[in-house]
Amino acid sequence: QVQLVESGGGLVQAGGSLRLSCAASGSFFSINRMGWYRQAPGKQRELVAVATSGGDTYYADSVKGRFTISRDNAKKTVHLQMNSLKPEDTAVYYCNAGGVITVRGAYDYWGQGTQVTVSS
């Protein structure tokens, strides 16, 4: 079993910054992708940013230049630095671990979600 524990959400004014963190624990050999998704009320969950074990990163167009994802493979953590926040960034942010290699095979896992609210 793999657990993802998130922290760092909260309420911030537009133009402000927040840093989300996610730590993976449990029994596994490696994690291919670690990233962040978000889901706003009434909308589908969408990819925000992802970092691969090889160091590649991907960002949704809506956050490019404002958000930065970083990953520490040794510590099994991923962080999302969010700057210049906008009200439309308001959502529940979910940590995702994709392609987690366990003794039973490869699986994806999700964190419990952390609320980010940006006031105008």
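The dialogue below goes through strand pairing, the core and the surface.

Mentor: This is a predicted model, where local features need pLDDT of at least 70, side-chain atom pairs count only at pLDDT 80 or more, and totals for chains, interfaces and linings use all residues. Residues are numbered from 1 along each chain as its sequence is written, and side-chain values use heavy atoms, with hydrogens and water left out.

Trainee: In what sense do β4 and β5 pair?
Mentor: Strands are DSSP runs of E, at least two residues, numbered from the N terminus, and two of them pair if DSSP finds at least two bridges between them. Here β4 (residues 30-39) and β5 (residues 46-52) are antiparallel, with six bridges. Met-34 sits opposite Ala-51 in β5. Six residues separate the strands in this hairpin, where Gly-42 has a positive phi near 75 degrees.

Trainee: Which residues touch the most other members of the largest nonpolar core?
Mentor: A nonpolar core is a set of buried (under 20% relative accessible area, 1.4 Å probe, protein chains only) Ala, Val, Leu, Ile, Met, Phe, Trp, Tyr and Cys residues joined through side-chain atoms within 4.5 Å. Among its 32 residues, those are Trp-36, Val-48, Phe-67, Ile-69, Leu-80, Met-82 and Tyr-93. Strand β9 gives this core its largest share, five residues.

Trainee: Is Val-103 buried or exposed?
Mentor: Exposed means over 50% relative accessible area; Val-103 counts as exposed because its relative accessibility is 71%. Val-103 lies in the loop between β9 (91-102) and β10 (105-110).

Key. Helix = DSSP H or I, 4+ residues; strand = E, 2+ residues; numbered from the N terminus.
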